[in-house]
Amino acid sequence: MRGDDGRRRCWWGASTPDYAVYHDEEWGRAVTDDRGLYERMVLEGFQSGLSWLTILRKRENFRAAFDNFEIEAVAAFTERDVERLLNDAGIVRHRGKIKAAIANARAVAAMHAEGESLARLVWSHAPARRRRAPRELADLPASTPESTALSKDLKKRGFRFVGPTTAYALMQACGLVNDHVEGCWVRAEVEALSSPQDG
C-alpha cells in the first residue's frame, strides 16, 4: 500500500499513523539486547486475543507499569504488584498475562544468574536461510518449525504465554525473520542492514 508520503509499505503499516511509525522504525529490525527482547515478549503476550494497535497505544503505560521492562526489577514484583497492575486502567488488566510477565522476568533473571542471555537463546533459533519475500497476508505463516522450537525452549525454562504463534510474532518483530512484503521500502532497508552479518 502506498502511504501519504508516497512510500510503499506492508498493507497494515499504512493503515494508521501509529502503525506507520512502528512499521517503519521498529518492526523487523534486529533487537539484540535482553531488555528489548523481554519488552517485546511481554507485549506480544499481552496482545494475544487483542489488536496490536491496542497494545501499541498503551505501550508507554506498559513501560511505566513494568519499570521500563528492567528485568531484575520486574522479577522482584510481588503479589502486591500484581494487584497494582490489575487496577491500572492504562494497561491490559489480565491476571494470567500479568503473572506471565513477572514469571518471564524471573526466568530471564535465572538465566543471567547462570551466565546466559535471553538474546543468545532467542537468536539461536533464527532461521538458517531466508524465505522468499511474502507478497500477501496468506504468505505469512502463523508459526514455523523455528518458532515451535523457540517456544519449547522458553517453556522449558519457565516462560509463559510463549506458544509457537507468539514466538513467531516475536521473531517477526525483532528481526529474526524479515516478513515485510515484497515492494515494501522497509524490507529492502532491513535486508541491507542484515546482509553484512550473513556473509
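I worked from a predicted model, in which local features need pLDDT of at least 70 and side-chain atom pairs count only at pLDDT 80 or more, while totals for chains, interfaces and linings use all residues. Residues are numbered from 1 along each chain as its sequence is written, and side-chain values use heavy atoms, with hydrogens and water left out.

Ring pairs. I took rings of Phe, Tyr and Trp (its six-membered ring) as paired if their centres lie within 6.5 Å, calling planes under 30 degrees apart stacked, over 60 edge-to-face and the rest tilted. By this rule I found 10 aromatic pairs. I looked up Trp-12 and Tyr-19, whose ring centres are 5.5 Å apart with the planes at 85°, so this pair is edge-to-face. Phe-66 and Phe-69, by contrast, are stacked, at 5.8 Å centre to centre and with 5° between the planes.

Burial. With buried meaning under 20% relative accessible area, exposed over 50% and partly exposed in between (1.4 Å probe, protein chains only), I noted that Trp-12 and Tyr-19 are both buried, and that Phe-66 and Phe-69 are buried as well.

Charges over rings. I counted a charge as over a ring if NZ of Lys or CZ of Arg is within 6 Å of the ring centre and within 35 degrees of the ring normal. Arg-84 lies over the face of Phe-77, 5.2 Å from the ring centre, and the charged end of Arg-7 sits over the ring of Trp-185, at 3.7 Å from its centre.
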